[in-house]
Amino acid sequence: MRAHAASIRIDNLTVAYDRHPAVHHLCGAFEAGSMTAIVGPNGAGKSSLLKAMVGLLRPAEGRVDVTGALMHDIAYLPQQAELDRQFPICVADTVAMGFWRRSGAFGAITPAMRAASLEALDAVGLRGFESRLIGTLSVGQFQRVLFARVMVQDAPVILLDEPFNAIDTRTTDDLLALVHRWSGERRTIVAVLHDLDQVRRHFPETLLISRELIGWGATGDTLTTDNLQRARRMSEAWDEHAPLCDVAQVQA
Amino acid sequence: MPGPYELLLLPFVEYGFMRRALVACFGLAIGCGPVGVFLILRRMSLVGDAMSHAVLPGAALAFLLFGFSLTAMTVGGFLVGLAVALLAGSVTRLTPLREDASFAALFLISLALGVTLVSVQGSSVDLMHLLFGAILAVDDPALVLVASIASFSVLTLAVIYRALVIECLDPGFLRSVHGHGARYHFLFLVLVVLNLVAGFQSLGTLMTVGLMMLPAAAARFWTAGIGPMLVFSACAAFACGYVGLLVSYHASLPSGPAIILTAGGLYAVSVVFGRHGGLLASYMRAPHYQR
């Protein structure tokens with residue numbers, strides 16, 4: 001059990017590419033220990049939001065405040081890990097990367113950490129895979145390895161970007177059970193998802209965005225037909241000659 | 001008919017210059033072999049080649065200022081190589097240009113500068129020496145330099161090993177935990193440049209790249225796992241040095257190219273017969289397991 005839970009406040013956040021906003025003036029908070037799904041059409045800024053939260057993208061405006069943890073204590077599982085699958089490294093070592101915050105570049109990977117890695121592999125259903133090379137795993141098995149790495153990171157906040165893409169039902173169910181277990185340990189969970197049934201069944205809170213905030217709150221109240229239609233309408237095409245946004249000046 | 005002793009050992013027993021050359025190969029193998037493995041793992045195989053050209057203006061400038069002084073040329077080459085590596089690395093990190101493109105741009109500028117410097121003053125013979133070396137004329141200071149760089153290189157790799165492996169495997173992860181991946185990457189580039197100038201006098205920078213890349217590429221076909229690859233690469237590089245020197249001695253061939261051609265032979269054999277992904281292994285049908 002974790003003594004401290006962490007929350008994340010999003011304050012008037014805008015993330016832009018070439019000055020065109022992908023996330024536009026977003027305000028709200030992921031409460032400590034909450035379990036939130038982020039839903040929205042493609043290009044709605046879901047991944048950009050996660051990247052800004054973990055410090056990989058610099059906000060064009062506004063800020064992200066993490067309370068109860070440091071920004072680099074957030075465990076982040078990207079949509080497509082830049083990971084080179086042909087790299088000659090074994091499963092156990094890949095999982096042990098999760099200890100970076102404790103071991104750093106030079107600290108020892110202790111026997112206790114090794115044991116914890118094996119435990120994590122056991123928890124994701126990959127007992128006996130520890131010395132296999134990552135190149136020999138299937139997509140689903142590899143996603144389990146990445147979940148094990150998130151697990152040993154032991155982070156108060158866990159961000160998952162479309163974690164169940166191209167993953168079969170059984171693996172998804174196993175990994176979802178793990179997410180519930182993390183949530184039970186008072187970790188703050190944020191996951192980008194597309195399967196609305198899955199969101200309704202497993203995630204109490206939902207953030208619906210389409211560049212702008214559409215709805216944020218209890219899943220049942222957010223995922224209404226009305227909101228979903230608005231989200232679809234707002235994901236309009238890229239406008240090369242869009243006028244400058246003046247929301248900030250209006251607010252100031 | 002000469003026996004194995006005459007073939008394999010006598011040249012080194014009889015001639016001091018052969019022994020020195022062998023020791024130089026040993027040092028270069030220890031230094032370059034592992035560095036080459038990381039270049040391959042980072043998909044930067046051609047960066048070694050680019051860097052070997054990039055150090056030219058430094059060495060040429062030193063040659064113009066101080067004459068044929070190994071120390072001056074080594075320091076000059078190292079400084080310019082370092083500048084190119086750091087500039088190219090920074091351009092990669094700060095702009096959308098990819099690593100191979102930024103290295104290509106900077107090494108070409110550097111090479112052109114070097115050729116200009118050499119042609120303004122100095123003869124082409126010296127330039128040839130710089131690029132291709134003369135391993136049979138290695139003196140004591142050169143040996144000490146090679147040994148020092150090899151030691152420094154291996155120790156540094158041992159210290160930054162974990163960070164470097166993660167930075168090669170999953171740079172995004174290292175960024176997300178604020179692991180300062182750039183720091184270790186730059187330090188690694190320093191090692192690349194150092195090892196290239198280590199081979200200045202013995203093999204020349206161009207041939208040193210061969211000793212760096214060929215055994216490392218061969219290692220991929222025989223070993224699984226990074227540790228074994230590093231060991232294999234260093235050992236194979238030394239073996240190529242030894243065999244290459246013998247070939248050059250018995251067949252009266254230039255020693256530097258003989259060493260690299262030996263390494264090339266090893267590479268070719270590995271591509272065909274290698275246990276991990278070699279051509280034969282992938283065409284032969286091995287009996288498979290039930291599960």
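## Two domains in chain A

In this predicted model, chain A is divided into domain 1, which covers 1–69 + 156–252, and domain 2, which covers 83–155; such bounds come from an automatic or database domain assignment. The C-alpha centres of domain 1 and domain 2 of chain A lie 27 Å apart. Where they touch, the contact takes 11 residues from domain 1 of chain A and 10 residues from domain 2 of chain A, with two residues counted as in contact if their C-beta atoms, placed from the backbone, lie within 7 Å.

On the side of domain 1 of chain A that touches domain 2 of chain A, β6 (157–161) and α6 (169–184) each supply at least two residues, and the largest share, four residues, comes from α6(A). Helices (H or I, at least four residues) and strands (E, at least two) are DSSP runs, numbered from the N terminus. By class, this side has eight nonpolar, one polar and two charged residues, where Ala, Val, Leu, Ile, Met, Phe, Trp, Tyr, Cys and Pro count as nonpolar, Asp, Glu, Lys and Arg as charged, and the others, Gly among them, as polar.

## A sheet in chain A

Three strands of chain A form an open sheet in the order β2-β1-β4, with antiparallel pairing; two strands pair if DSSP finds at least two bridges between them. Because β2 (20–30) and β4 (61–67) of chain A stand at the edges with a single partner strand each, one side of each is left without a neighbour in the sheet.

Strand β1 (residues 7–17) of chain A is joined to β4(A) by six bridges, and the two run antiparallel. Within β4(A), A:V66 is the bridge partner of A:I8.

## The helices of chain B

Chain B has 14 helices and zero strands. Its C-alpha trace spans about 65 × 60 × 30 Å along the principal axes of chain B. Of the 291 residues of chain B, 49% count as buried, meaning that 20 or more other C-beta atoms, placed from the backbone, lie within 10 Å of the residue's own.

## Where the chains meet

The contact between the chains takes 18 residues from chain A and 19 residues from chain B. The side of chain A that touches chain B has 14 nonpolar, one polar and three charged residues.

## Reading the model

Residues are numbered from 1 along each chain as its sequence is written, while chains are lettered from A and ligands numbered from 1 in the order in which they are written. Since this is a predicted model, local features need pLDDT of at least 70 and side-chain atom pairs count only at pLDDT 80 or more, whereas totals for chains, interfaces and linings use all residues.

Methods: Buried ≥ 20, exposed ≤ 12 C-beta atoms within 10 Å, placed from the backbone.
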